[in-house]
Amino acid sequence: MTAHAHTSAADHVLAEVRNQIGHLTLNRPAGLNALTLDMVRSLHQHLEQWATDPQVKAVVLRGAGPKGFCAGGDIRSLHDSFKAGDKLHEDFFVEEYALDLCLHHYRKPVMVLMDGFTLGGGMGLAQGCDLRIVTERSRLGMPEVAIGYFPDVGGSYFLSRIPGELGTYLGVSGAQIQAADALYCGLADWYLPCDQLAALDQGLDRLSFGDHPLKDLQNLLAKLGTQVLEDAPLEKLRPVIDHFFALPDMSAIIEQLRAVSIGDSHPWAVATADQLQSRSPLSMAVTLEMLRRGRHLSLEDCFALELHLDRQWFKYGDIIEGIRALLIDKDKQPRWNPPTLAELQPARVAQFFEGL
């Protein structure tokens with residue numbers, strides 16, 4: 001620990017109530033506001049407290065610094081815990097998912113500013129909110145397959161409900177999207193240019209709430225932003241993505257992306273195949289199966305499914321190797337097990353879903 005790293009968890013989540021609005025700010029800008037267990041607990045505690053406080057009409061969630069709302073969970077600490085034989089990696093997901101579920105079911109409107117990077121655990125927080133705002137700096141994604149993991153935090157629920165196969169594509173590729181695509185996919189509700197964020201804060205401080213706080217917040221946003229942006233790249237690619245990502249398994253998807261030309265999308269298809277081939281074969285195959293199951297499950301059952309996968313993943317999945325290669329040794333040469341899809345036995349994938 002460096003000298004200045006002794007800030008308490010309380011400093012990593014800033015909370016204040018102004019004008020009947022509870023403001024929660026993730027305050028680890030140097031780590032792109034990645035979530036620690038202490039931050040998860042602090043957020044949950046404030047939300048529980050405000051849920052029954054008649055003086056709080058709504059909640060606003062944001063990240064400190066211009067770079068990101070939240071770049072995910074603090075996975076380095078989970079890796080270290082597992083290696084040390086501790087339980088942090090088990091407790092973290094149980095409590096993080098409980099927080100995400102709390103946001104999905106929250107009785108008061110929650111607005112989230114997905115300004116900058118909103119990845120993994122950041123998406124888990126944001127997708128449970130009522131008013132999800134993006135800016136021109138927003139970069140949304142579920143990049144878990146790149147580190148040998150799977151898109152959790154409710155990803156089996158919210159990705160599987162995006163139109164067509166767009167969610168399947170986002171989940172198995174780990175691709176990041178910007179504002180127009182976020183609105184098109186239904187992963188965001190409002191676009192506000194960054195230069196309107198100060199006006200939003202002024203508006204929130206002056207807002208007088210009636211009987212329907214959600215409507216009051218929507219009226220404010222309608223003055224400052226928009227709900228549709230033109231030229232969403234995924235809208236153009238939608239027929240192509242719907243075709244390839246509905247194929248039976250990852251091997252077929254990659255093979256067809258390389259072999260079949262649809263319109264002028266072939267360069268994109270080949271680049272996507274290349275990207276998929278760098279990912280953990282096990283992670284992609286489990287993600288595909290998880291998303292296909294998630295379509296037919298309730299929100300609670302999706303989180304239960306993800307927790308069931310988590311409990312096995314640190315021991316039997318590719319995450320420890322992924323974190324080593326990308327975050328610790330930084331050689332960017334993960335040795336996935338197995339190294340190729342051709343060597344992945346269907347039984348190995350099915351095993352993770354046994355006993356659900």
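**Close-up 1: what lines the largest pocket.** By class, 16 nonpolar, 7 polar and 8 charged residues make up the lining of the largest pocket in this predicted model. Here a pocket is an open set of 1 Å grid points, over the protein atoms alone, where a 1.4 Å probe fits, with protein on both sides within 12 Å along at least five of seven lines; lining residues have an atom within 4 Å of a point. The volume comes to about 730 Å³. Of the 31 lining residues, A71, G73, I75, I147 and L327 lie nearest the centre. Helix 3 (75-83), helix 4 (88-104), strand 6 (117-119) and helix 16 (319-328) each put at least two residues into the lining.

Close-up 2: P213, D216, L217, L220, L221 and L224 are its buried residues (buried is under 20% relative accessible area, exposed over 50%, with a 1.4 Å probe and protein chains only).

Close-up 3: For C70, the nearest cysteine sulfur is that of C129, 11 Å away. C70 counts as buried because its relative accessibility is 0%.

**Notes.** Residues are numbered from 1 along each chain as its sequence is written, and side-chain values use heavy atoms, leaving out hydrogens and water. Local features need pLDDT of at least 70 and side-chain atom pairs count only at pLDDT 80 or more, while totals for chains, interfaces and linings use all residues.

Methods. A disulfide is a pair of cysteine sulfur atoms within 2.5 Å. Grid points are joined across faces, edges and corners, and a volume is the space filled by probe spheres set on the points. Helices (H or I, at least four residues) and strands (E, at least two) are DSSP runs, numbered from the N terminus. Ala, Val, Leu, Ile, Met, Phe, Trp, Tyr, Cys and Pro count as nonpolar, Asp, Glu, Lys and Arg as charged, and the others, Gly among them, as polar.
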